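Here's a walk through this structure, one piece at a time. Have the model open and follow along.

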Amino acid sequence: MKKILMIALAVLLLTVAIPAGIYIKYGRYKPPEDEKEKTVSVYVHSEDKVTEMNENQYLKEVVAAEMPANFESEALKAQAVAARSYLEARRSAYKASGTPESHKGADICTDPTHCKAWISEEKRRKLWGKDANVNWKKIEKAVDETSGEVLTYNGTVISAVFHSTSSGHTENAKDVWGGNAPYLVSVESEGDKTSPKYKSEKEMSLEEFKKIAADNIDGVKFDRELIGDIARSEAGGILTISVGGVKIKGTEFRKIYDLRSTNVNVDIKDSKVHFDVTGFGHGVGMSQYGANYLASEGKNYKEILKTYYSGVEIEKI
């Protein structure tokens, strides 16, 4: 019996171990790299320093910063895949073109206006208080159970952008930023009306409105129509708007008046300017509150992702 076992072991070594070693040596076979072993260089904006982080841990800290832990588990998984895809797409692009100067040589940064939000596990746990262990386990599960999964379009990892809450339809990327991203087109987003961030209002005096315009827009003249010529996207966001006779982009209008989205109606009455805003964020890609709604309706994370990112596949890297 012992002799038979030894022969079987020898055959196993010849048929499996030795060929695998040859493949590894000559590059014909490369074992997949575990996400838990990979690292990513991160420019921590608040500390003005570049830190080498474990990629798996970094993604958990991004998900913890970007999405509430009390969201449905499938929504958190969708967020994990989107965050991983965004990281891989950025890293790949920077290998070809070089990292931005603001990154100080890092693959990614923690400035949410440029890359994605991030918070250390330690700080997040303090903010969660007594719910820290339960919440962190949900985040860990979402990232670990989707380990290595990314979104691809025609075989290329996509820049899987996302936002808090849409106006009921997401925006076309080309309407917001220009360019051509066929996987980032306007789609219906069910359930956004349930988001606490779906509607917001803002009001200021007419004089304050004019001052902000004068400080930020070259050539405005208030003897012309104050606001006019509004062009909107199919999702309702302002593409362009004329302020004091000067046409500006809706994204610029949102920024200078500090509004939650470009989907805004402006009413001027009795020396007051009232903004009625729908949605929160740039509106492109996955709506996080929409994703949570779909998860609550029984959709899994893959179905959620394919709802918001058109024509994509989910693959392992």
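**A guided look around**

Let's begin with an open sheet made of three strands, ordered E7-E12-E11 and paired in the antiparallel sense. Strand E7 (199-205) and strand E11 (264-269) sit at the edges, and each has a single partner strand, so one side of each has no neighbour in the sheet. Going from one strand to the next, the twist averages 15°. Bear in mind as you look that this is a predicted model.

Zoom in on the pairing of E11 with strand E12 (residues 272-278): the two are antiparallel and share six bridges. Helix H7 (residues 206-216) packs on it and touches E7, E11 and E12. The direction of H7 makes about 95° with that of E7.

There's another open sheet to visit, again with three strands, in the order E8-E9-E10 and with antiparallel pairing. Its edge strands are strand E8 (227-232) and strand E10 (246-249), each pairing on one side only. On average, neighbouring strands here are turned by 20° against each other, if you ignore direction. E8 and strand E9 (residues 238-243) run antiparallel and are joined by four bridges.

Which residues of H5 are buried? They are Ala132, Asn135, Trp136, Ile139, Ala142 and Val143. Look down the axis of H5 and you'll see these buried residues fall within an arc of 120°, so they line one face of the helix. The cover over them includes helix H2 (55-66), helix H3 (73-97) and helix H4 (121-128). Turn to the other side of H5 and you'll find Asn133, Val134 and Lys137 exposed.

Our last stop is Thr110, in the loop between strand E3 (108-109) and H4. Is Thr110 buried or exposed? Its relative accessibility is 10%, and buried means under 20%, so Thr110 counts as buried. The side chain of Thr110 reaches the backbone nitrogen of His45 at 2.8 Å. Leaving aside residues up to four places away in sequence, Thr110 touches Val42, Tyr43, Val44, His45, Ser46, Lys116, Ala117 and Trp118.

Terms used: Residues are numbered from 1 along each chain as its sequence is written. This is a predicted model: local features need pLDDT of at least 70, side-chain atom pairs count only at pLDDT 80 or more; totals for chains, interfaces and linings use all residues. Side-chain values use heavy atoms; hydrogens and water are left out. Buried means under 20% relative accessible area, exposed over 50%, partly exposed in between (1.4 Å probe, protein chains only). The arc is that of the directions from the helix axis to the C-beta atoms. Contact means heavy atoms within 4.5 Å. Two strands pair if DSSP finds at least two bridges between them. Axes are lines fitted to C-alpha atoms, for helices over the stretch in contact, and angles run from 0 to 180 degrees between N-to-C directions. A polar contact is a pair of N or O atoms within 3.5 Å; within protein, one must be able to donate a hydrogen and the other to accept it, and residues adjacent in sequence count only if both atoms are side-chain atoms.
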